[in-house]
Amino acid sequence: MNEEQVWLDEARQGDKAAFGKLIEAYQTPVYNLAYRMLNNAGEAEEAAQEAFIRAYTRLDSYDPAHKFSTWMLSITSNYCIDIIRKRRALLLSIDEPLPPHPALMSDNSKGPEAQVVMNEQQEMVQALLSELPEDYRETVVLRYWYDLSYEEIAEMMDTTVSAIKSRLFRARRLLAEVGQANGLVTMNDSMVLTAVS
Amino acid sequence: MEHEETYLLMMDALDGELAEDGRIKLEAHLRACPPCLQEWQAIMVVHTLLQTTPALSPAVDFAQRTFARLPNRRVRIWTMAAIYALLLLGGVLPILLGVWLAFVLGPVLSEPTILSSISQSIGHALQVMGTVVAALLAGLGEMIVQQPAIVGWLLVLLGIISIWGGVSRQLIFQPAPQQIS
Ligand SMILES: [Zn+2]
C-alpha cells in the first residue's frame, strides 16, 4: 500500500489531517486546472478550495479502482465548468483581461529575465486558451498539463475517445489560427515568441 | 493526398504515434502544399508553447487555508448514523407492533359477533372524526379571514425556527478552523 492509499483510508475514516496531506500533494495540479479554465487567480483559488472540500465530503463515493488524481481533477473541472456557465448566465465577460497571478512562476531556478519571459509565455497561453469554448479548453488542458490518455480524458468528460481526438485537433487548429493572427511565430528553429501588439 | 488525411497524420505526429510511412506521406504533402505547411507550422508553435508552459502553483498558504475550511467528517458521519437509526426505528417499530397485535388479538377478533360490533364502532369513529375535522377546517378558515395577524405571527415563528435550524446545522458541520498538525 503506498502513502496515498494510506492517507485516503485514514481520510475516509474522518481523519482530517490525512486529507490535509492529500491537499498538499495535489494543490498545484488542482489549482493549475482551475486557473487554466477560469483565467482568474481569485476564482481559481476559490474553485480549487471548493473542489477539495467536495472531494472530502464525497470520499465515500470515490472508487479506489480509479486513480485519485483523475477523480480529483474531474471534480475540479466539473466545478469550473459550472462556474463558467453561471458566469455566462450572469452576462459577465469571459474575455476580460486579468492581471497575472503573483504566484505565476513556480520555477525559481531561473534568473529574473527568464522569469519575465515565462510570465509573457503564461499570459500568451492564457490568452490563447480563453479563445476556446470550455469543453475544448478542458480537453487541451487535460492533455497538455496532465499527460492523460485519450481514454482517461474521454471517461472524465463522459464522451468517446474519437470525440476527444477530434475536439483536440479542432482546438489545436483554432489555437494555431489565433496564434498566427497574434503574431506567434518561430525563428531559427528554436522557439521565439513575439506578440505583435 | 487529401488535406483531411493530412490532418489525421498531423494529429498522429503530435501524439508521437506517426509511423515511418505516415511520416514520409506527411512530409511529401507538406512540401507540395504551402497552405498545409503553413498550418502545420502554426500548430507546431502552439503545441510547443503548451508543452513548455509549466503548471501554475497556488499561494504558499493555500493548503493551510483549504484545510481550515474542511467540514468535520467524523461529526457528520455520526450525525447521519443517528438520523438513519432513528428513521429505521421509526419505520420498523410500528410494523413490529402491528404484527404483535395481529398475533395476540387475531383469534379473539375473528368471532362473528365481535366482527360486526367492530365494524359498527369503526363507522361511528369515522363519523365523529369527520365532524371534528370539518369543524377544525371551518374554524381555521374563519381565523385566517378574521385574524390575519395571528397567521402572520405563525409564519414569522416558522421562519425563526428554520433560521435556527440552519444555524445549528452550520455549527455541527462547520466547526472552528484547525491547523494542520
Ligand atoms: Zn494540403
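Chain A of this predicted model has a mean pLDDT of 85, with 79% of its residues at 70 or more.

| Stretch of chain A | pLDDT | Contacts beyond four places in sequence |
|---|---|---|
| residues 100-110 | under 50 | 23 contacts |
| residues 187-197 | under 50 | 20 contacts |

Now for chain B. Its secondary structure comes to 7 helices and 0 strands, so to speak α-α-α-α-α-α-α when you read along the sequence. Of its 181 residues, 19% count as buried. The accessible surface of chain B is about 12800 Å², and carbon and sulfur atoms account for 72% of that. As for contacts in chain B between residues at least 6 apart in sequence, 56% join residues at least 24 apart.

Helix 1 of chain B, residues 3-14, is worth a look. Its 12 residues should span 16 Å at 1.5 Å a residue, and the end C-alpha atoms do sit 16 Å apart, so the two agree. The buried residues on this helix are B:Thr6, B:Tyr7, B:Leu9, B:Met10, B:Met11 and B:Leu14. Their cover comes from both chains: it includes helix 7 (150-156) and helix 8 (161-181) of chain A, plus helix 2 (20-32) and helix 3 (34-51) of chain B. After helix 1 of chain B comes B:Gly16, with a positive phi near 70°.

Conventions. Residues are numbered from 1 along each chain as its sequence is written. Chains are lettered from A and ligands numbered from 1 in the order in which they are written. This is a predicted model: local features need pLDDT of at least 70, side-chain atom pairs count only at pLDDT 80 or more; totals for chains, interfaces and linings use all residues. Side-chain values use heavy atoms; hydrogens and water are left out. Helices (H or I, at least four residues) and strands (E, at least two) are DSSP runs, numbered from the N terminus. Buried means under 20% relative accessible area, exposed over 50%, partly exposed in between (1.4 Å probe, protein chains only). Contact means heavy atoms within 4.5 Å. Accessible areas come from the Shrake-Rupley method with a 1.4 Å probe; for residues, only the protein chains shown count as cover. pLDDT is the predictor's confidence in each residue, from 0 to 100. The expected span of a helix is 1.5 Å times one less than its number of residues.
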